[in-house]
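The following note sets out, point by point, what can be read from the structure shown below.

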Amino acid sequence: NRSGDKAFVCAALKTSWPAYAFVDESLLHDRDVIRAAFECPSCGTVLADEHFRQYRDDTDLVSTALQASGENLSWASTRIQDDYDMVCLAIDHARYVSNIYESISERLRHDERIVAGIAGRSDAYRVFLDMQQTGSDE
C-alpha cells in the first residue's frame with residue numbers, strides 16, 4: 001500500500017487530484033500533498049471539492065490552483081476574488097473567461113486593466129454576449 005508514501009502520493013495527485021480519496025489520513029493536510037493536488041492541470045476546479053474548500057483563502061495554494069485552472073476563482077474566497085493579481089492569474093489560465101467573470105469582484109470588473117485583460121481574450125465575446133442577454137450594463 002503506497003497511500004502513505006508522500007512522493008508517490010504527490011506524483012499521483014499531480015495527474016489526478018481526486019485520488020486524494022485514497023491518501024493516507026496522515027498526509028491529507030500536508031501542504032506539499034495539497035499543493036500537488038492543486039497543480040493538477042487537467043483536473044479542473046479542485047477548490048470546488050469539499051475537502052479542499054478550507055484552503056480557498058490561502059493565497060499561495062489558490063495561486064497554484066489558479067495556474068492549473070483559472071476556473072478555480074469561482075470557489076476562491078471573496079478576498080481573493082477582489083485581489084488584482086489573483087484575478088489576472090485566473091483570467092490568464094481560465095479555459096473560458098466567461099466561466100469566471102461573475103466571480104470577479106464588482107470593484108475589479110470595473111477596473112480598466114481587468115476589462116482590457118478580458119477584452120484581449122479570444123473568448124471575450126462570451127462575456128459581453130452574456131452581459132447583453134442579461135441586460136447588465138457593467
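What covers the buried residues of helix 3? The cover includes helix 2, helix 4 and helix 5. The points below place this answer in the context of the model, which is a predicted one.

1. Overall architecture. The protein has eight helices and zero strands, and its pattern along the sequence reads α-α-α-α-α-α-α-α. The C-alpha trace spans about 55 × 25 × 20 Å along its principal axes. Of the 138 residues, 46% are buried. The exposed surface comes to about 7500 Å², and carbon and sulfur atoms supply 48% of that area. Among contacts between residues at least 6 apart in sequence, 52% join residues at least 24 apart.

2. The nonpolar core. The largest nonpolar core has 41 residues, and Phe 38, Phe 52, Leu 73 and Ile 118 have the most contacts inside it. At least two residues of this core come from each of helix 1 (6–15), helix 2 (31–38), helix 3 (59–68), helix 5 (84–93), helix 7 (112–119) and helix 8 (124–134). With residues up to four places away in sequence not counted, Phe 52 touches Trp 17, Tyr 20, Ile 34, Ala 37, Phe 38, Val 46 and Leu 47.

3. Helix 3. Seven of the 10 residues in helix 3 are buried, so that this helix is mostly covered. The buried positions are Leu 61, Val 62, Ser 63, Thr 64, Ala 65, Leu 66 and Ala 68. Asp 58 caps the N-terminal end of the helix, with a side-chain oxygen 3.2 Å from the backbone nitrogen of Asp 60.

4. Asn 72. This residue is found in the loop between helix 3 and helix 4 (78–81). Is Asn 72 buried or exposed? Asn 72 is buried, because its relative accessible area is 0%, and buried means under 20%. A polar atom of the Asn 72 side chain lies 3.4 Å from the backbone oxygen of Gly 44. Apart from neighbours within four places in sequence, Asn 72 is in contact with Gly 44, Thr 45, Val 46, Leu 47, Ala 65 and Leu 66. Two of these partners, Ala 65 and Leu 66, are among the buried residues of helix 3.

5. Val 9, Cys 10 and Leu 13 are buried in helix 1. They lie on the same side of the helix because they cover an arc of only 100 degrees around its axis. An α-helix has 3.6 residues a turn, so residues three or four places apart point the same way. The buried residues of helix 1 pack against helix 2, whereas the face turned away from the buried side carries the exposed residues Ala 7 and Thr 15.

6. The start of helix 1. Here a side-chain oxygen of Asp 5 reaches to within 3.2 Å of the backbone nitrogen of Ala 7. Asp 5 also meets Arg 2 in a salt bridge between their side chains (3.2 Å, N to O). Both partners count as partly exposed: Arg 2 has a relative accessibility of 47%, and Asp 5 has one of 30%.

7. Which residue forms a salt bridge with Lys 6? The partner is Asp 32, and the closest N and O atoms are 2.9 Å apart. Because Lys 6 lies in helix 1 and Asp 32 in helix 2, the pair ties together parts that are 26 residues apart in sequence. Lys 6 is partly exposed at 31% relative accessibility, and Asp 32 is partly exposed at 42%.

8. Asp 58 forms a salt bridge with Arg 31, in which the closest N and O atoms are 2.7 Å apart. This pair links distant parts of the chain, with Arg 31 in helix 2 and Asp 58 in the loop between helix 2 and helix 3, 27 residues apart. Arg 31 counts as partly exposed at 37% relative accessibility. Salt bridges that share partners join Arg 31, Arg 35, Asp 58 and Asp 60 into one network. In the whole structure, 13 salt bridges are found.

Notes:
Residues numbered from 1 in each chain as written. Predicted model: local features only at pLDDT ≥ 70, side-chain atom pairs only at ≥ 80, totals over all residues. Heavy atoms only, no water. Core = buried A, V, L, I, M, F, W, Y, C linked by side-chain atoms within 4.5 Å. Buried < 20%, exposed > 50% of the residue type's maximum accessible area, 1.4 Å probe, protein only. Helix = DSSP H or I, 4+ residues; strand = E, 2+ residues; numbered from the N terminus. Contact = heavy atoms within 4.5 Å. Polar contact = N/O pair within 3.5 Å; in protein donor to acceptor, adjacent residues only side chain to side chain. Arc of directions from axis to C-beta. Salt bridge = Lys/Arg side-chain N within 4 Å of Asp/Glu carboxyl O. Areas by Shrake-Rupley, 256 points an atom, 1.4 Å probe, with all protein chains shown as cover.
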